[in-house]
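Subject: Structure handover

Hello,

Here is the structure we talked about handing over. Please open it alongside this note. My findings on strand pairing follow below.

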Amino acid sequence: MKVCRIYYLILLCAIVVTSCIESYPPPIINEEVNFLVIDGSVNTEDGSAQVKLSHAIPLSSNESFPPELNASVRLEDNDGNVYTLIETTAGNYAQSNLTLNPTKEYRLYVRTSNNTEYLSDFVTIKQTPPIDSINWAPSRTIEGIDILVNTHDDTKNTRYYQWTFEETFQYEAPYYTFLKYENGEVTSIPNEEQIFRCWRTLPSQKILIGSSEKLMQDIIYNFPITFIPKDSQKKIIKYSILVQQKALTREAYDYWLNLQKTTENLGGLFDPQPGRVTGNIHNISKPNAPVLGYFDVGAAQEKRFFLNASDLPEDLRNYKSYRNCAKDTVLVENLSELTISDLIIDPLYGQGPTPYAYTFSNLICTDCRQQGGVTTKPPFWE
């Protein structure tokens with residue numbers, strides 16, 4: 001479900017084609033483009049099905065991509081068995097604990113709220129070999145590290161691969177605080193409410209595919225999944241990546257390859273010109289109407305990898321904060337002047353046992369949640 005934005009770019013590139021050296025804002029930039037985007041997959045390894053339905057928007061729009069609500073979504077096999085998917089959140093349809101027969105073919109059926117029907121081609125379940133290993137290496141081009149994946153298939157039946165991932169990393173706020181000013185008094189923050197240490201999870205955004213078709217053996221060696229810059233916050237303490245690997249058919253690989261070329265190589269004079277990438281989903285109510293997306297079924301394989309900052313050489317550990325986290329001081333009698341954007345840090349004492357002032361800083365420097373993370377440790381965290 002992480003490639004929908006790519007579909008919108010494909011659609012808009014298909015509508016707006018220009019090879020001018022100077023930028024030109026074509027009038028069609030504001031044209032209504034209410035095309036459905038279907039991003040669907042079934043993982044036979046855990047019996048889960050997920051489908052995301054949304055709509056493309058004009059290039060000039062600043063709105064979010066509208067989800068398709070209250071659709072009828074189901075999975076069908078070539079023997080007529082039907083599995084209904086439930087709308088779990090706006091535009092997201094899912095089902096779990098499905099018992100699927102690996103010898104059968106499956107397709108996706110969608111009927112939108114305006115009774116427009118869509119149907120995918122039948123898809124054969126393709127088995128996926130396990131991930132052999134995940135490791136890291138210094139990048140050869142830019143300062144930082146590459147996360148690399150290795151896999152192989154002794155039967156030589158795979159040849160075409162796709163990967164997605166989720167990164168999770170631990171980080172801390174620049175300043176630790178155990179105090180808060182609330183209702184006119186300074187009190188301690190309970191340990192269970194600490195806001196100093198966080199974990200943040202980010203999904204993959206790019207199309208990641210690889211092929212061994214030109215090799216004698218079906219081997220993928222040190223395929224670069226993602227790059228982490230030298231000064232990235234991701235590796236300041238501890239980093240983890242969960243990689244999901246899927247075997248593709250040749251047709252699916254060609255689809256993702258064309259989509260990759262169209263979305264990631266635009267802008268240069270000799271780059272591939274944008275065009276519509278045809279998937280395996282069709283509008284059966286209006287056969288000539290465009291629909292974007294692809295539906296696949298397969299047994300995905302997963303592997304998790306951890307990386308500690310101490311595992312890296314000294315020259316790759318450096319993390320430079322991009323924030324100027326200065327401390328300031330407020331006298332006790334002026335505490336009420338603090339705003340909701342300020343948190344106190346440490347008490348300052350004079351001759352007596354009672355503090356006469358406190359240091360403070362803004363939330364971005366004292367509350368790790370301001371950087372997008374959560375304070376709850378993930379259950380898989382080692």
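Strand β21 pairs with strand β23 (residues 355-362) in the antiparallel sense, over four bridges. Two strands count as paired if DSSP finds at least two bridges between them. Strands are DSSP runs of E, at least two residues long, numbered from the N terminus.

A word on the basis. This is a predicted model, in which local features need pLDDT of at least 70, side-chain atom pairs count only at pLDDT 80 or more, and totals for chains, interfaces and linings use all residues. Residues are numbered from 1 along each chain as its sequence is written, and side-chain values use heavy atoms, with hydrogens and water left out.

Back to β21. T329 stands opposite T359 in β23. The open sheet here has three strands, in the order β21-β23-β22, with antiparallel pairing. β21 (328-331) and β22 (342-349) are at the edges with a single partner strand each, so one side of each has no neighbour in the sheet. On average, neighbouring strands of this sheet are turned by 35° against each other, direction ignored; the axes are lines fitted to C-alpha atoms, and angles run from 0 to 180 degrees between N-to-C directions.

Now β6. Strand β6 (residues 105-111) pairs antiparallel with strand β3 (residues 72-77) over six bridges. E76 has R107 in β6 as its bridge partner. β6 also runs antiparallel to strand β8 (residues 123-124), joined by two bridges. There, Y106 faces V123 in β8. Three bridges join β6 to strand β7 (residues 117-120), again antiparallel. V110 stands opposite Y118 in β7. The hairpin of β6 and β7 has five residues between the strands, and N115 takes a positive phi near 70°.

Best wishes
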